[in-house]
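Welcome! Please take a look at the sequence and the model shown here, and then we can walk through them together.

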Amino acid sequence: MIVPSSSRALLASHNSSLSFTSLAELSSGNLLAEVDLHRIVASLKLRQDKKASMGQFLTPASVAELMAGMFNRLDLPEISLLDAGAGIGSLLAAFVAKVCQHRQHTSSLRVVAYEIDPFLIGYLHQTLELCKKECQRVGISFNYEIRKTDFIEDAVRLLQIGLLNNAKATEFTHAILNPPYLKINANSKVRELLHSIGLETSNLYTGFMAATAQLLKPSGEFVAITPRSFCNGPYFRDFRKIFLEMMALQQVHLFESRQEAFSDDDILQETIIIQATKQRQKYSNVIINTSSGTNDDLIMSQSVPYTALLQPNDKEQFIHIIPDRISQQIVERIEIFPCTLKDLGLTVSTGRVVDFRAKEYLRANAENNTVPLIYPVNLANGYVEHPKITKKPQAIVSLEKTANLLIPNEHYVLCKRFSSKEEKRRVVAVVYDANQFNYAYVGFENHLNYFHKDGRGLSLTLARGLAVYLNSTLVDAFFRLFNGHTQVNATDLRKLKYPNLEQLLALGTEITEQFPSLREINELIENQLQSMSNLSENNPIVTKSRIDEALQILTQLGFPRTQLNERSALTLLALLDLKPTDSWQLATSPLMGITPIMDFMAQHYGKTYKPNTRETVRRQTVHQFLDAALIVANPDNLSRPVNSPKTVYQIQNSALELLRTYGTEEWEKSICTYLASVETLKKQYAQEREMSRIPIVIDGAIKTLSPGGQNILIEKIINDFAPRFTPNGKLIYVGDTDEKFAHFDAAALTDLGVNIDSHGKMPDVIIHFTTNNWLVLIEAVTSHGQINPKRKKELELLFRSSEIPLVMVTAFLSRKAMVAYLAEIAWETDVWVAEDSTHLIHFNGEYLLQAYQIEKK
């Protein structure tokens, strides 16, 4: 109802105290928020050395939600969930929340959680009780069991009981897990237990995955976040065979950044999420999703044939994850080359010298009875640089005891065995030219692979040709697709496709003592490919190189690490209308909105992102480009709000002139000049936008809001609502469409006991109504953001530490704007309409049922 004007309307509509939402009433989203707070506290209390020794790292809420969202069959009449390494229960809580949100509820949900750490079990019990209350809220029967025993030991026991009784031990319809990452000792009890169920593996995480899969019912669903290392290499061959035989992969999620998934714990392992179903029949296609991190909702998605993911004739059963069209083109080009190393009569082996075992025979420099010892540090510019000033010994004693560590001094190709995803090159190869060393033998350290022919060297021309091929961007890009760890295994190199002998020798004849540049190498490889096949599509290496160039530019412009990603590079290229084969001199500055930017990425760079992910491009790339004055917003209409659906962006003129010089002799001079003047540019564009900003007065000081959008309404809240309904109130926070906020008195909030979570979304306006000692939270709605039940609970959780009651108000510009949202407004909140500024609408008549006296004229 509409009540009389005056501040009494707001006062009368609330009790003198406000009861906060109990845990039993938490929505599914707030359930996860509460559980994640437990995770943060528990993670801080867990010692880092204990985490590492147990191989257990607690799952952040963002990861848990992503994983829970990958399940398909949540409408079964009865669901039984297994969490094999539950920790505090983040994963199972995310699963329960997803089940409770599902349109068609299950009638019964049973959870079995394994955890052996007494410290974590206390938190786990709390989480499961919260889950129980959430299920009760939506009418789902919920029961749980915490098994305080070793999962592998218990799983083997259950499986063996099933075999003895000629019955199946499978009892779960769903499984979700973040297994411990820990190497298994060859003589350990765990190794013996896993062997008893047919698995030989070197790491505990694959043991958890295999045992969990075996405990699933037929057609059971499996979602796990794990290191990517199981996808290839010899160490996990046995696991791949067992797992892929009983499970059918359906989805794979990749993270571009190694740091993101478990950033709180500084985990640098490259991780993936897989979703699979327990069935022998494989799907025709698999969905490959890619995001830069867990909080990035800009998700690239591609469907690939199952046979492309797992090649039918591959005895190693390597899992080939192909995230986009460029990657597919890279695979297709590699497949054009006809030979394996075996076809060429060559092989690759690991360097024989393990330095800590041969320590007594190593020497810092050459002596009378020594031969050269080559380390990765000696690899430089396509050849071996030896001796080198380094802490690594440069020689090894040659005698009978070391004879088996040395090989004949002949021509070889050396390749680093270890490299990370972040390095410029994963595959680094050089020619070992025996002519440069006057010795009978040479030693290669164990961190190197070396290519040879039956233990002897290659011709110098063949060695050069092979090194050229291995150093190509094509090989590097292909290797990155399928290698999920830091090792460049000899097995991986043996499985790689190579040019034939004639082609390798032809490449080798192009090389002299001066090793070619990367550009020259790529041209040589492309010429070989063109001579073998009629390639009509764009060269993926050219496309990839263009993206890399854009990243290099952003790096030189000084953008922080969070913006140095493919999304930002593609956004820059779109705003320049620069296609893969265009020269930088052809860059232009079209007006482009977010949707056309994403369309450009898909059309010209083969990067197709999921629908409804535009906000990430705007929030995590475009906003930073605006801050750096690299681009400008709405140059065609400066009064247009930046959150308008019609907003467009354009490369700033000076930036366009700079970028047109990239790759020329003028670049270095131009970028120095630009960086020196960019602060002036920022001020210039700030002044232009300031001219059309909205002035407001706070505590006697004039501040301004960016033009248009909800800020027009915020100005009315401050000038009309506040004096009438919260007289003498103190403005604590005022949001801004363009900036994060226009005014924020953080100390005032702290004095009221409020400590805001940095991830929480603030209301648009916060007023401390000192007369009644209430905290008034106001949302200004021009397109979305009304205080509905979900938002009400979010605000209650965000301000749960407040020592004074909360009052919530949704504001609209007009009654017409309000009508569309009336059905969604939460009870126990107020609505204010600017065009009827003297009245409030209160959504609860319990305290306001009264007679109104009509004035007689």
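## The overall picture

How many helices and strands does the secondary structure of the protein come to? The answer is 28 helices and 32 strands. Here helices (H or I, at least four residues) and strands (E, at least two) are DSSP runs, numbered from the N terminus. This is a predicted model, in which local features need pLDDT of at least 70 and side-chain atom pairs count only at pLDDT 80 or more, while totals for chains, interfaces and linings use all residues. Residues are numbered from 1 along each chain as its sequence is written, and side-chain values use heavy atoms, with hydrogens and water left out.

The protein has 857 residues, and 55% of them count as buried. Buried means under 20% relative accessible area, exposed means over 50%, and partly exposed is in between (1.4 Å probe, protein chains only). Among contacts with a separation of 6 or more, 73% come from residues 24 or more positions apart. A contact means heavy atoms within 4.5 Å.

## Two helices that cross

Two packed helices are described by the angle between their axes and the distance between the axes. Helix H14 (residues 460-470) packs against helix H17 (residues 501-509) at about 90°, and their axes are 7 Å apart. That makes H14 roughly perpendicular to H17. The axes are lines fitted to C-alpha atoms, for helices over the stretch in contact, and angles run from 0 to 180 degrees between N-to-C directions. Angles under 35 degrees count as roughly parallel, over 145 as roughly antiparallel, 65 to 115 as roughly perpendicular, and the rest as oblique.

Which residues meet here? From H14 come Thr461, Leu462, Arg464, Gly465, Leu466, Val468 and Tyr469, and from H17 come Leu501, Leu504, Leu505, Leu507, Gly508 and Thr509. The residues of this contact divide into 8 nonpolar, 4 polar and 1 charged. In this grouping, Ala, Val, Leu, Ile, Met, Phe, Trp, Tyr, Cys and Pro are nonpolar, Asp, Glu, Lys and Arg are charged, and the others, Gly among them, are polar.

## Salt bridges

The structure holds 32 salt bridges, each a side-chain nitrogen of Lys or Arg within 4 Å of a carboxyl oxygen of Asp or Glu. One of them joins arginine 546 and glutamate 549, at 2.9 Å from N to O. These two residues are 3 residues apart in helix H19 (residues 540-556), so about one helical turn separates them. Arginine 546 is buried at 8% relative accessible area, and glutamate 549 is buried at 18%. Elsewhere, salt bridges that share partners join Arg110, Glu145, Arg147, Asp154, Arg157 and Glu171 into one network.

Arginine 147 is buried, with a relative accessible area of 13%, whereas glutamate 145 is partly exposed, at 32%. Another salt bridge links glutamate 367 to arginine 363, with the closest N and O atoms 3.6 Å apart. Both partners are partly exposed: glutamate 367 at 43% and arginine 363 at 25%.

Asparagine 289 sits in strand E9 (residues 285-291). Is asparagine 289 buried or exposed? At 4% relative accessibility, asparagine 289 is buried. Its side chain makes a polar contact with the side chain of serine 301, at 2.8 Å. A polar contact is a pair of N or O atoms within 3.5 Å; within protein, one must be able to donate a hydrogen and the other to accept it, and residues adjacent in sequence count only if both atoms are side-chain atoms.

Glutamate 316 is in the loop between helix H11 (306-309) and helix H12 (325-336), and is buried at 18% relative accessible area. Its side chain makes a polar contact with the side chain of arginine 237, at 2.8 Å. Valine 475, in helix H15 (residues 473-482), is buried too, at 1% relative accessibility. Leaving aside neighbours within four places in sequence, valine 475 is in contact with Ile334, Val427, Tyr469, Leu470 and Leu496.

## Backbone details

The peptide bond from histidine 386 to proline 387 is cis, with omega near -5°. Proline 387 lies in the loop between strand E15 (383-384) and strand E16 (395-397).
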